[in-house]
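Welcome, and please open your viewer with the selection tool ready. We will go from stop to stop, picking residues and looking at what surrounds them.

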Amino acid sequence: MMRANLTLEAIREGGLDLQAVSDYYRQRIDAYDDRIGAFVTRTDVADETGLPIAYKDIFCTEGVATTCSSRMLEHFVPPYSATVVEKLEQAGFSSLGKLNMDEFAMGSSNESSVHGPCKNPWNTDCVAGGSSGGSAAAVAAGLVPVALGTDTGGSIRQPAAFCGVTGIKPTYGRASRYGIVAYASSLDQAGVLARTAADCAWVLERMCGHDPKDSTSLDEPVPRWSDNLEQPVSGLKIGVVRQWFGEQVDQGLVQVVKTALAQLEDMGAELVDIDLPELAWSIPAYYVIASAECSSNLSRYDGVRYGYRCQDPKDLQDLYSRSRSEGFGDEVKRRILLGTFALSAGYYDAYYRKAQQVRRLIHDGFKRALEQVDVLAGPTTPTTGFALGSVQDPVTMYQADINTVAVNLAGLPGMSVPCGFSEGMPVGLQLVADHLQEGRLLALAHQYQQQTDWHLAVPAWLEGEA
Amino acid sequence: MQIDAELIERLSILARIRLDETQNQALRQDIAAILQLVDQLQQVDTEGVEPMAHPLEIAQPVRTDQVTETDQRASFQPLAPAMEDGLYLVPRVVE
């Protein structure tokens, strides 16, 4: 029986006919995506017999346009596929297409896309979140059962929270970054969005693993997470991070998260108060480091070998500076200039080096806390999905990531799990574990999802037959 | 920290991104606001703290000295905006 909240597990174990499944999703995309804007390129074909998946438009897919939602790469067709894409193809997946995102993964709302914004399926006047907005919205709207995204400062967890789906960013280095367009190399990590933790586990264990083509890829065995989801909650210590409940977090949302934590306590977990004062520095440290790294990573876009080139360049400098000025959107330019500043002579020590020192303090704070508890918890985001166009000021937009960025700075695995609604919009519970402990997160989320059904909710307008 | 037009102009040259007067002004304001946010870091006591570049601090792995890259010019060059005889074309640099 096919329905909008169909899981990959149900497709595989129910012995559903994969051609019928792919027709089902194709019809749903035809019927609904014009009102959402999740897909930017479609590659679904009739008679498809692979497991359905879709990829954020930051993953190189051989022969299929990969735009990063930017004019700079609007017509770029990669001659190769990302390692994680190849691994999932080998595991039996077929892509339905490429998904909308914030330009070059820089954003928290999917409003900075050259293809237009991605809307939140729960309220199409609101943002899907970012930068993996398309991935979250596509799963939430039942256009695809699982999607890949990337997370540099919260870009899987935040849109997952806004759209009411489950999202996981594994430990830095678990998934190969080869073939993923780079934003901030010490922070970027690929991950999964799906309805359930069980589906996340199944996809994650097939996409992770050492890759010699990515020198930051961890040489660690990948556990069979999907075989170890039945770990009991009783006795588990959950650290409730005080700073994640700060005054910037909406009180209605806080109540929903507190209810979820109380439920975990009823299930046998022990809640422990955790104080992490270093988290106050997360946003400034993140924006210096991410901008610095992006200024370096985006210097490859020069209009010479691929990507956008301006018309009639009068000399080489004009070729570079006009191609880049015309090819990049405002937020990308802001971050490149900020990063250029932070790395420039005279400012490097005060900004970049300082931020790297603060990064170590944040990392060490987390490690100390994770010696006392098994998992850290709190709201994923300070608000639910906000209205399109309502946040114009960059600094205000950056604050949307306040609960998520520190996890990337420390390289820890993090998840967002749907835990309820506040004023009709989904709320996400963030769970963070120590390095290489994705299993703890997935098992806890899975147990929570056996007792609740927030993750199966579908917006009313999307429930019907396509 | 004084964010003036001259600083933005210098940064735009370093970053090879051309800005007109309106963009320069808008960026001046934005960068000033972001730097105000970022200047909070100056309050943190980082005496003796080693900067952290990589979250897990693994060492750069080495590989065997073996040729693995092949000539893929035929698949890469169709992506180029301007090409001739296997060479990438740019405006004349040397007179």
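**Before you start**

This is a predicted model, in which local features need pLDDT of at least 70, side-chain atom pairs count only at pLDDT 80 or more, and totals for chains, interfaces and linings use all residues. Residues are numbered from 1 along each chain as its sequence is written, chains are lettered from A and ligands numbered from 1 in the order in which they are written, and side-chain values use heavy atoms, with hydrogens and water left out.

**Stop 1: where chain A and chain B meet**

Colour the two chains separately. The contact (heavy atoms within 4.5 Å) draws on 62 residues of chain A and 51 residues of chain B. About 5100 Å² is buried between them, with carbon and sulfur atoms giving 71%; buried area here is the accessible area (1.4 Å probe) that two parts lose on being put together, summed over both.

Now select helix 2 (21–38) of chain B. This helix gives the most to the side of chain B that touches chain A, with nine residues. Helices (H or I, at least four residues) and strands (E, at least two) are DSSP runs, numbered from the N terminus.

How many salt bridges are there between chain B and chain A? The count is one, where a salt bridge is a side-chain nitrogen of Lys or Arg within 4 Å of a carboxyl oxygen of Asp or Glu. Select A:Arg334 and B:Asp30 to see their side chains meet at 2.7 Å, N to O. The pair runs from helix 10 of chain A to helix 2 of chain B. Both A:Arg334 and B:Asp30 are buried, a word that means under 20% relative accessible area, while exposed means over 50% and partly exposed lies in between (1.4 Å probe, protein chains only).

**Stop 2**

Next, select A:Asp23, A:Arg26, A:Asp30, A:Arg42 and A:Asp44, which are linked in a network of salt bridges. Within this group, A:Arg26 and A:Asp44 bring their closest N and O atoms to 3.5 Å. A:Arg26 lies in helix 2 (residues 18–32) of chain A, and A:Asp44 in the loop between strand 1 (39–42) and strand 2, 18 residues apart. A:Arg26 counts as buried at 18% relative accessibility, and A:Asp44 does at 16%.

**Stop 3: aromatic rings**

The structure holds 20 aromatic pairs over all chains. Rings of Phe, Tyr and Trp (its six-membered ring) pair if their centres lie within 6.5 Å; planes under 30 degrees apart count as stacked, over 60 as edge-to-face and the rest as tilted.

Select A:Tyr286 and A:Tyr287: their ring centres are 4.8 Å apart and their planes stand at 90 degrees, so they are an edge-to-face pair. Then pick A:Tyr301 and A:Phe328, with centres 6.2 Å apart and planes at 85 degrees, so this pair is edge-to-face. A:Tyr301 is buried at 5% relative accessibility, as is A:Phe328 at 4%.

**Stop 4**

Select residues 133–140 of chain A, which make up helix 4; eight of its eight residues are buried. Following this helix is A:Gly142, with a positive phi near 65 degrees. In the other direction, the peptide bond from A:Gly130 to A:Ser131 is cis, with omega near 10 degrees. A:Ser131 is in the loop between strand 5 (123–127) and helix 4 of chain A.

**Stop 5**

Most residues other than glycine have a negative phi, and most peptide bonds are trans. Select A:Asp312, whose phi is positive, about 45 degrees. Is A:Asp312 buried or exposed? Its relative accessible area is 70%, so A:Asp312 is exposed. On the other chain, B:Asp85 has a positive phi near 50 degrees and is exposed at 72% relative accessibility.
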